[in-house]
Amino acid sequence: MFTLTYSETILFFNSRSELIVVVFDCNDLPVKYTGGTYYTYVEVELFPYHSMATNKPRTKYARSSLEPIFFDELRFKMTKTEMRDQKMYLHVCDYNQMSTRDLIGSYYVDLSVVNFGKKPVEFKGQLQWIEGVTVITLI
């Protein structure tokens, strides 16, 4: 049995209206592709901020590693009010010869309950399978 773990730090600069997500690493990832080289990455999805976007920000690729280290910083321009309405999903995926986005697991953070102060807020947790984000359109 394996445990998928993940760590990241998020902070918000009110003076710059900027949300910063720093993705550190993942541990004990399962093997999803055995036919050759694979590349692991983390895709960050803010909902509803990215609800209509086809390309979401992501980390650099980590080559053929079940314990990838990223230390990548992703920045999002938004006000504190906009940020409080966001749900953040971090999807750990791999890119291989068969698929460009093979989902390994996801991590969820509700930004409305995060207490942003002067220090970064660090998250560590287990990845889960998240079916997806449902978009409801009111007419």
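Pro48 is located in the loop that runs between strand 3 (39–47) and strand 4 (62–63), strands and helices being DSSP runs numbered from the N terminus (strands: E, at least two residues; helices: H or I, at least four). The peptide bond between Phe47 and Pro48 is cis, with omega at about 20°. The structure is a predicted model, in which local features need pLDDT of at least 70, side-chain atom pairs count only at pLDDT 80 or more, and totals for chains, interfaces and linings use all residues. Residues are numbered from 1 along each chain as its sequence is written, and side-chain values use heavy atoms, with hydrogens and water left out.

Positive phi values in residues other than glycine were found at Asp28 and Phe71. For Asp28, phi is about 55°; this residue belongs to the loop between strand 2 (18–27) and strand 3. Asp28 is partly exposed, at 36% relative accessibility, where buried means under 20% relative accessible area, exposed means over 50%, and partly exposed lies in between (1.4 Å probe, protein chains only). In Phe71, phi is near 50°. Phe71 is part of strand 5 (residues 69–77) and is exposed, its relative accessible area being 57%.

Cysteines were also examined. A disulfide is a covalent bond between the sulfur atoms of two cysteines. With a disulfide taken as a pair of cysteine sulfur atoms within 2.5 Å, a search of the whole structure returned zero disulfides. Cys26 is buried, with a relative accessible area of 0%, and Cys93 is buried with a relative accessible area of 0%.
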